[in-house]
Amino acid sequence: MSTTRTEPCNDTRGDALRNEDLSISQILKERGVSRRDFLKFCSTVTAALALPPSFAPSVAQALDEVKRPPLVWLEFQGCTGDSEALLRSANPTVGEIVLDILSVDYHETIMAAAGHQAEAALDKTITDYKGKYFAVIEGSIPMKDGGVYGCVGGKSNLERARQVCGGAAATIAIGNCASYGGIPAAAPNPTGAVGVKEAVPGATVINLPGCPCNADNLTATIVHYLVFNKIPALDGHGRPLFAYGKRIHDNCERRPHFDAGQYVEKWGDEGHRKGYCLYKMGCKGPATFHNCPTQRYNEKTAWPIGSGHPCVGCAEPQFWDVMSPMYRRLPNVPGFGIEHTADAIGLGLAAGAAGAFVVHGALSAMRKDKEPGEDTKED
Amino acid sequence: MSDRCKFKQYVWELPLRWFHWINVLAIVVLSGTGFLIGHPVTLGASASDYAMGWIRLIHFVAAYTFTVSVASRVVWAFIGNEHASWRAFFPMFSAKGREKLRHMVRYYTLQTHQVPETVGHNPLATTAYFFLFLVYLGMILTGFAMYATHAPGGIMFKSLGFMYSHFTLQGMRLAHHLGMWLIFGFVINHIYSAWLMDIKEHGGEISSMFSGYKFTVKKGD
Ligand code: HEM
Ligand code: HEM
Ligand code: SF4
């Protein structure tokens with residue numbers, strides 16, 4: 001069946017490494033990760049968690065002692081971009097370390113097992129470690145018509161989500177699809193796609209939206225749980241404050257250009273080449289909470305605005321609908337044609353009002369009205 | 001034209017006039033700066049300039065002034081004279097108010113030549129003011145909700161939590177922008193009507209917002 005599946009990174013582990021008694025640092029040692037790399041990793045994660053650097057030793061100590069929790073990773077209605085982002089994440093492959101420190105018992109995209117065998121492994125993990133394992137959900141959950149639009153092994157995504165998320169210590173909804181429905185939920189949302197929290201309201205869900213999610217934030221979230229033994233503080237949309245507590249616009253490297261009044265007016269113009277603010281090109285940084293400007297991607301080298309593309313708001317609920325049009329600052333006015341901007345409508349309103357009163361004024365001026373007298377005075 | 005004597009009446013007390021003109025000034029400033037926030041022009045010569053920064057600062061200073069003035073006017077509706085009272089804003093809830101409203105509508109739609117006289121607000125105008133105040137409220141809520149996003153977790157952000165759970169930031173931005181146009185629509189109507197009634201009523205309508213006095217056939221108390 002799955003001949004195209006490549007060797008997964010976690011498949012090379014021997015049975016000894018599956019030993020529950022080994023601590024994370026021991027496992028890493030056996031995996032050939034040097035102490036130095038481990039400490040480097042700890043300080044990176046400490047920074048991602050927005051903790052002061054002095055916390056790094058405590059993070060290291062905690063990870064030294066903590067036992068590896070089992071993790072299952074389910075792929076629902078999404079594009080696997082988050083798995084890709086994780087597998088391509090930076091040196092010393094922080095993501096790899098996460099996969100290594102966690103006992104990933106089930107990950108449809110990268111596991112070697114297939115078919116009923118794989119499903120059985122999943123069932124075993126969620127029964128044996130009930131209340132202790134992590135669930136990572138990638139992709140939205142189609143709810144329409146009893147959930148028939150997304151099935152794996154004869155079970156609907158909804159059914160699986162209820163089963164897996166319900167028994168997990170915590171569920172991490174990775175990417176915008178799992179968090180809020182994402183692109184599959186964009187109007188007209190043919191499959192009735194929703195995020196995990198909406199599909200399984202009783203579950204403890206941490207949303208890590210983004211398209212894709214930044215793998216560093218996933219690592220940091222898991223480390224936070226391992227170190228503090230509780231989920232990080234969340235905002236009103238269920239996102240960890242350490243990663244989603246600030247607006248992009250307020251941490252953006254182009255912000256001085258915004259304040260100065262220097263804007264890109266056209267793709268490739270002088271301002272664009274000089275790195276001016278992308279506000280007029282439809283940047284949604286002022287409406288988006290995410291740590292992209294500081295955390296960045298690809299070994300912290302780049303992020304969309306840094307590369308000259310306006311933010312599309314991918315960390316916000318229903319971004320595909322509410323942040324569109326992508327290259328305009330304001331949404332279209334509902335009920336009007338797409339070429340009608342708010343200003344065209346406003347101008348029409350004002351011109352209509354002015355026109356009506358010019359006519360009314362002319363008519364009134366020509367009329368001989370009767371001034372208020374005894375009979376029309378206010379009584 | 002009648003040559004009858006009119007009575008001088010003190011209708012608009014000083015605070016009400018202040019609130020009116022502060023609001024007018026604030027709206028002019030807010031619209032000007034708001035327009036530049038919505039359609040910024042590249043004004044900065046170097047990255048260390050602060051053109052947009054100042055424009056936004058002026059917007060926010062005017063916004064606070066406006067909000068305080070609007071709130072004060074609402075409070076004044078409970079302590080000011082009968083013409084300023086909140087009751088004047090709901091003419092449709094009394095038989096007399098409905099009667100005056102009907103006359104006013106008939107006059108505005110050119111169905112009668114009888115110019116109605118109103119000592120305080122004309123009942124059609126107060127109905128418009130009521131909707132205007134709803135727009136004010138919308139502008140203030142969306143404005144402060146957008147403003148507070150620079151400090152999530154702050155008191156302002158927390159107390160506006162209901163805004164974020166019901167509306168998206170982009171939706172608020174659009175509503176705030178459209179609200180400005182609604183206010184423009186009102187103002188065009190409003191200035192025209194003030195002008196019209198000044199001419200037709202001969203009661204010193206426009207100057208009453210400066211002096212507080214109107215001149216009416218009806219004798220005051
Ligand atoms: C009658 C009153 C007001 C008018 C006509 C007005 C007008 C505007 C306009 C046209 C914009 C640009 C919207 C866009 O296209 O994005 C704007 C932006 C804004 N206004 Fe107002 N506004 C008013 C009151 C307020 C109030 C009371 C506040 C409260 C603080 C406020 C805060 C803001 C903020 C925060 C922005 C966005 C600025 C930014 O993100 O840089 N406004 N305003
Ligand atoms: C931004 C522009 C304006 C706005 C939003 C506005 C709004 C209002 C409001 C809300 C009231 C009710 C006052 C109260 O009860 O507190 C009012 C009354 C009044 N305004 Fe304005 N106004 C504007 C500009 C003007 C201008 C330019 C004039 C002068 C031509 C004017 C003349 C008057 C007069 C004469 C009244 C009393 C009318 C009545 O009997 O209801 N207004 N205005
Ligand atoms: S590029 Fe976008 S996020 Fe950055 S300052 Fe400009 S508007 Fe804000």
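Q: What covers the buried residues of α1(B)?
A: In this predicted model, the cover includes β1 (7-10), α2 (51-79), α4 (123-147), α7 (169-201) and α8 (205-211) of chain B. Cover here rests on contact (heavy atoms within 4.5 Å). Residues are numbered from 1 along each chain as its sequence is written, chains are lettered from A and ligands numbered from 1 in written order. Local features need pLDDT of at least 70, side-chain atom pairs count only at pLDDT 80 or more, totals for chains, interfaces and linings use all residues, and side-chain values use heavy atoms, without hydrogens and water.

Q: Which residues of α1(B) are called buried?
A: Among them are B:Leu16, B:Phe19, B:Ile27 and B:Leu30. Buried means under 20% relative accessible area (1.4 Å probe, protein chains only).

Q: Where does ligand 1 lie?
A: Ligand 1 lies between chains A and B. Of the 24 residues around ligand 1, A:Arg329, B:Arg56, B:His59, B:His176 and B:His177 come nearest. To count as near, a residue needs a heavy atom within 4 Å.

Q: What makes the pair between B:His59 and ligand 1 a polar contact?
A: A polar contact is a pair of N or O atoms within 3.5 Å. A polar side-chain atom of B:His59 lies 2.7 Å from a nitrogen atom of ligand 1. For B:Arg56, a side-chain N or O atom is 2.6 Å from an oxygen atom of ligand 1.

Note on methods:
Buried < 20%, exposed > 50% of the residue type's maximum accessible area, 1.4 Å probe, protein only. Helix = DSSP H or I, 4+ residues; strand = E, 2+ residues; numbered from the N terminus. Polar contact = N/O pair within 3.5 Å; in protein donor to acceptor, adjacent residues only side chain to side chain.
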